[in-house]
Amino acid sequence: MLLIRCPYCEEERPELEFRNAGEAHVVRSANIAGESDDDFEKFFFIRANPKGVIYERWRHIHGCARFFNAVRDTVTDKFIMTYKAGEPKPAKLPGASK
Amino acid sequence: MNAAFRISGAGRLSQARTASFSFDGKSYTGIQGDTLASALLANGVHLVGRSFKYHRPRGFLSAGAEEPNALVQIVRDNARKTPNVRATVQELYDGLSANSQNRWPSLAFDVGAVNDLASPMFSAGFYYKTFMWPKWAWKDIYEPKIRAAAGLGVSPEKPDPDHYASRYAHCEVLVLGGGAAGIAAALAAAETGVRVILADEQAEFGGSLRFESGARIDGQDGYAWAQGAIAKLMAMDNVRVLSRTTAFGYYAQNFVGLVERVSDHLKNPGRELARERLWQVRANRVVIATGAIERHMVFANNDRPGVMLASAARTYLNHYGVAVGRNVGVYTANDSAYAAAIDLKKAGVNVAAIVDLRDNPSGAVIDEARALGIEINFGRAVVSAGGKLRVSSMTVQPKNGGGGRTIPVDAILMSAGWTPSVHLFSQSRGKVAFNDETKRFVPGTYAQDCVSVGACNGTDGLDATIDEAYAAGAKAAKEAGGKAGRAAKPKVDAGESWSRGMLGAAPGAGPGTTVKAFVDFQNDVTAKDIRQAVHEGMHSIEHVKRFTTNGMATDQGKTSNMHGLAIAAEELGKPIPQVGLTTFRAPYTPVTFGSIVGHARGALFDPTRRTATHGWAARQGAVFEDVGNWKRAWYFPKAGEDMHAAVNRECVTVRKVGGLFDASTLGKIEVVGPDAAKFMELLYTNPWEKLETGRCRYGIMLREDGFIYDDGVVGRLAPDRFHVTTTTGGAPRVMNHMEDYLQTEFPHLNVWLTSITEQWAVIAVQGPKSRDIIAPLVEGIDMSDEGMPHMSVREGRICGVPTRLFRMSFTGERGFEVNVPADYGEAVWEALWAEGQKHGATAYGTETMHVLRAEKGYIIVGQDTDGTVTPNDAGLDWAVGKKKTDFVGIRGLTRPDLVAKGRKQLVGLKTKDPKVVLEEGAQIVADPKQPIPMKMIGHVTSSYWSENCGRSIALALVAGGRDRMGQTLYVPMPNGTIEVEVTGMVFVDEKGERLNG
């Protein structure tokens, strides 16, 4: 069972308290009704699914209930870092994967 | 009374404390502190099992967890028959009853042993090759027969009556293994004040100090030192010492699973004691001190009872005071077996000969053996063991061939060397590295915050082990925040040390031979089988393993993996590290399902949610159905009524008079804040800004893709406060969906969401008399049609308690839903029930609710929709705000597929024969005469007998359904095709007049 650091609680808590919520930094357009089919397809259907570093959303559902962002390595399953919802993608990762 | 092979003065057990036990129905006497294995050996019993495939007689190979042969069934009663227990770890208790496995009719005469004679048929891959055809026969004939013949134990016949405990624990330093290394590491860590957990699988700590008679630490015998150190650790508040506790799995971030055997060693455990306890430990640092496991020699008939590991014979002698024979032979490729020979000789057992594969070894143990007058043969091999049910001789030859001689023996002690136990290190995703000099895999690259010490790290010698372990324990504690320790490092006065040995087949069992030289005892895999696997094209060690089953089953190859690997490597002509090791996986030793499940079974498997009126409904004789975790009253049968009759009566009574229904399970969310209406506009398709306070609206929630996600009636209690209802099953995900958008997409909105599902009990009162039933109990609410029209909500009091009273209907009748604080739910229900009875109203359950809503064409999300249905498909376009510029799903609704013609639409169906009730889920076709496979144009989503209509009714999703009104369609069923007519979705009161009736 993984430990995940909730950036709101500022604590590492067991995986059981969290729920994955899909890829992060997928922005819903302010004018979504006017989006082209292609743009909507990218927004709603297309996901990166990388082997390696993934930016994803998690929810501390059995804790503070906040959604936040996490950077995880899909190969090692290690959480590289977590940060609050709305914060930009980190420019540099701590101990970036070798 | 001493058993025949118990040596007085040897061992550490108190001979006064006897325990009687039985094996295969025969009674024996052992001593408290024995294992079943040592007690049987004390009585001269070596034959304890039959092998998996060939049914060969088997005895004890080891004295520990690595045992592949001596699997027995421990029987306490019909419900407590534990199969596949290793006799070498089962502690003896007075009255213990054990049976051998996989033999018929008896252990000494086993009919299945014919497999041994026919063994050329049963070579590696035999099952895969032989039972290929005919295909059907595998399931019905081959598999049951093979399973019966290749048996392990028998399952108990009754549910497990024992209970299993479960605990979480946290510590700074977790030490796995309580031998010299583990104890030294724990001592060093404990001194720093950090929390330490020390676990060992055995009943007593000490590890190999149990047999190493040459060890002296701090001026004491090694084993005595271990007991003193453990007593000291147990007395420390920051240390938890767990014996009989196996670390079976090493998971991410130093999360380690331990299973503690709490009461399997007790005569009468009593109900209050758990059988086992699962520890889920999260440690800052882990010290792995799991030792090493001795390997056997691979030679012909090395599986005869009486042939065992040298360290096992030493353990039986030095710890249990048991001689494994009276005239033993020794076969070795390293020094450690000499120590066994010396100990046995000193205890008065004759050592017929030591056969050493090495050409000219030298050292203190060899000199000592020679001084004791033991015959030593260098450069020779034991090429075969004689005897059947018990070893009777060993045939010794020069290792390069030549004339041999046969030496009578009643036991052979063997040692091919020691394999570091890297199982847990490897499970932690650490990478092992092959040391070419010592020919063993040792921990290489670490993946987690752990360290291996002692024999499992390839560290030889007690002195070096304690140095390393003590330093590692201190370092781990310091890194985890411990203060500097003060205790002195244990001082090793004398210790034993050995390394090297051999891997693979010994002379006489090499390439080209066909003898039965076992590599894996439990799976009956011989050296020849592994070579054959390579010849047949298995070039990866993982394939060799699966083809031969080497290293599988309950012992997971603890003694066999390295031999198997070496033989495969030799045959492949590759160095060992290039062939690689198979992956180590949890569990280290078998773990019971009970310990993993813990208390989560029966009623505690999953929470049961009951509404406030559950007790009342139960007393009325309601039949309940499971809806998610909820228990919901399904119907309320009166005496003599079946479900059909009860539902018909309930349905008719509600429309004629009225009925009470518990709707508490519907999800309820309060949406509050200055931007509450804006938020509702974004989350639901409907317009909300203009909904007046005190009014309700049916809302539809979509996902971004435009499909219906949930629905429910929403009441506006105040300009900034909405009382939202959701489907019963959808409550948690709707809340999650709302929170997601509020927190991440619309965080600028000032809104709070609160789940109030459990706060309010909801009593639906429906039917023409509903107002008459409620009104006498209500204060402060004008319940006239003008004061409280259909789709309105009022706050007031009922029966003196606060209520949110909704006027709404899921039946098509005049109706109300009375929300009261859940604590008052049952009392208010009883009061309403008393009023209802004056009018002849009924209580009704979920089945009637379903029928009544279907009569009105009201959909149930998740039954009439399936995640691919749009509001338009469901005939609910009116609920989508046409002037809105944004809501979740607005863009999805305009996707090409969602606006295309011919989509499946929800319609009504009437069977041509009104008595026929369609099956829900049945497929619909336009032309029943077309060839199979037919083109299916839709399916039935809801179907009931409607007593109110005097006929069956159904809802269905049909392609282009609304353009097919009046058409005849067909529902092909196994017993014939049913003709149906496409109709509107409303079967009762199409104009909706009864809402005010």
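**Notebook: chain B, predicted model**

I started at B:Leu41, which sits in helix 1 (residues 36–42) of chain B. Helices here are DSSP runs of H or I, at least four residues, and strands are runs of E, at least two, numbered from the N terminus. This is a predicted model, so I kept local features to pLDDT of at least 70 and side-chain atom pairs to pLDDT 80 or more, while totals for chains, interfaces and linings use all residues. Residues are numbered from 1 along each chain as its sequence is written, chains are lettered from A and ligands numbered from 1 in the order in which they are written, and side-chain values use heavy atoms, without hydrogens and water.

**B:Leu41**

Is B:Leu41 buried or exposed? It is buried, at 1% relative accessible area. Buried means under 20%, exposed over 50%, partly exposed in between (1.4 Å probe, protein chains only). I then listed contacts (heavy atoms within 4.5 Å). Leaving out residues up to four places away in sequence, B:Leu41 touches, among others, B:Phe5, B:Phe60, B:Met308, B:Tyr316 and B:Val324. B:Gly325 is 284 residues away in sequence, yet its C-alpha lies 8.7 Å from that of B:Leu41.

**Whole chain**

I counted 24 helices and 52 strands in chain B. The radius of gyration is 38 Å, well over the 30 Å that the globule rule gives for 997 residues, so chain B is more spread out than a compact globule. That radius is taken over C-alpha atoms, and the rule is 2.2 Å times the number of residues to the power 0.38. Along the principal axes, the C-alpha atoms fill a box of roughly 115 × 75 × 55 Å. Of the 997 residues, 59% count as buried.

**Domains**

Bounds come from an automatic or database domain assignment. I looked at domain 2 (165–292 + 421–494) and domain 3 (299–415) of chain B. Their centres, over C-alpha atoms, are 32 Å apart. The contact takes 7 residues from domain 2 of chain B and 7 residues from domain 3 of chain B.

**Backbone checks**

Most residues other than glycine have a negative phi, and most peptide bonds are trans. B:Asp24 has a positive phi, near 50°. B:Asp24 lies in the loop between strand 1 (18–23) and strand 2 (26–31) of chain B, and is partly exposed at 30% relative accessibility. B:Arg244 also has phi near 50°. I found B:Arg244 buried, at 19%.

Where does B:Pro587 lie? It is in the loop between helix 15 (576–579) and helix 16 (593–597) of chain B. A cis peptide bond joins B:Ala586 to B:Pro587, with omega about 0°.
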